[in-house]
Amino acid sequence: MQEHKKNIGVYPGSFDPLTSGHMDVLRRAAALMDHIIVGVLVNSTKKPYFSVEERIEFIEAAIKDEGLKNVSSASFDGLLVDYLHTVDARHIIRGLRAMTDFEYEMQLDAMNRMLAPDIDTIYFMAEPKYSFLSSSVVKEIGALGASIDKLVPTVNQRIITERLLNK
Ligand code: PNS
């Protein structure tokens, strides 16, 4: 019998911070793959609010709280496809909300395909209740004093609220 090669996927992003929408995609992807690595991009053109360490802490706390045994997190720098090769992964995981995401994702996919034809991307449609949700929305309303209850994993709610209010 042929040995089963582990199906490893990387769920990349800025995760500034991880939202409940990200967690929904992660849960569904974890059910499909042997292992998922949540890859936090270090050198983004976007200036992140939370440090890489904080973003990874939020992800680790949520993974633990949800009991997702086959999920881990790590930071990466440089090309995403190069990172996938270093961890022996063949699939990128991405979530799709609206048509605006679609155009951006098509561009990323075309680039990644050109760079690494051995790597493919799996897309998950966001649950409708999260179709409006983004890390930017969380940061904006949280900083203005509104509740981010249900928008980020419960385990991270307090710390993210405090950080956004600069406490
Ligand atoms: O959370 P984001 O900003 O939508 O994630 C974008 C991300 C991290 C997937 C993308 O910017 C990325 O893969 N960056 C790494 C650099 C790279 O590989 N670029 C080539 C594809 S354009």
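In the chain, the 19 positive and 23 negative charges have mean positions that lie 4 Å apart. The model is predicted, and the values reported here are computed from it. The accessible surface of the chain amounts to about 9,600 Å², and carbon and sulfur atoms account for 56% of that area. Of the 167 residues, 43% count as buried.

Six helices and five strands make up the secondary structure of the chain. Read from the N terminus, the order of the elements is β-α-β-α-β-α-β-α-β-α-α. The radius of gyration is 16 Å, close to the 15 Å that the globule rule gives for 167 residues, so the chain is as compact as a globular protein of that length. Along the principal axes, the C-alpha atoms fill a box of roughly 55 × 35 × 30 Å. When contacts between residues at least 6 apart in sequence are considered, 75% join residues at least 24 apart.

With neighbours within four places in sequence left aside, the contacts of I141 are with A146, S147, I148 and L151. L41 is 100 residues away from I141 along the chain, and the C-alpha atoms of the two residues are separated by 24 Å.

Key
Residues are numbered from 1 along each chain as its sequence is written. This is a predicted model: local features need pLDDT of at least 70, side-chain atom pairs count only at pLDDT 80 or more; totals for chains, interfaces and linings use all residues. Side-chain values use heavy atoms; hydrogens and water are left out. Helices (H or I, at least four residues) and strands (E, at least two) are DSSP runs, numbered from the N terminus. The radius of gyration is taken over C-alpha atoms; the globule rule is 2.2 Å times the number of residues to the power 0.38. Buried means under 20% relative accessible area, exposed over 50%, partly exposed in between (1.4 Å probe, protein chains only). Contact means heavy atoms within 4.5 Å. Accessible areas come from the Shrake-Rupley method with a 1.4 Å probe; for residues, only the protein chains shown count as cover. Lys and Arg count as positive and Asp and Glu as negative; His and the chain ends are not counted. The place of a charge is taken as NZ of Lys, CZ of Arg, CG of Asp or CD of Glu.
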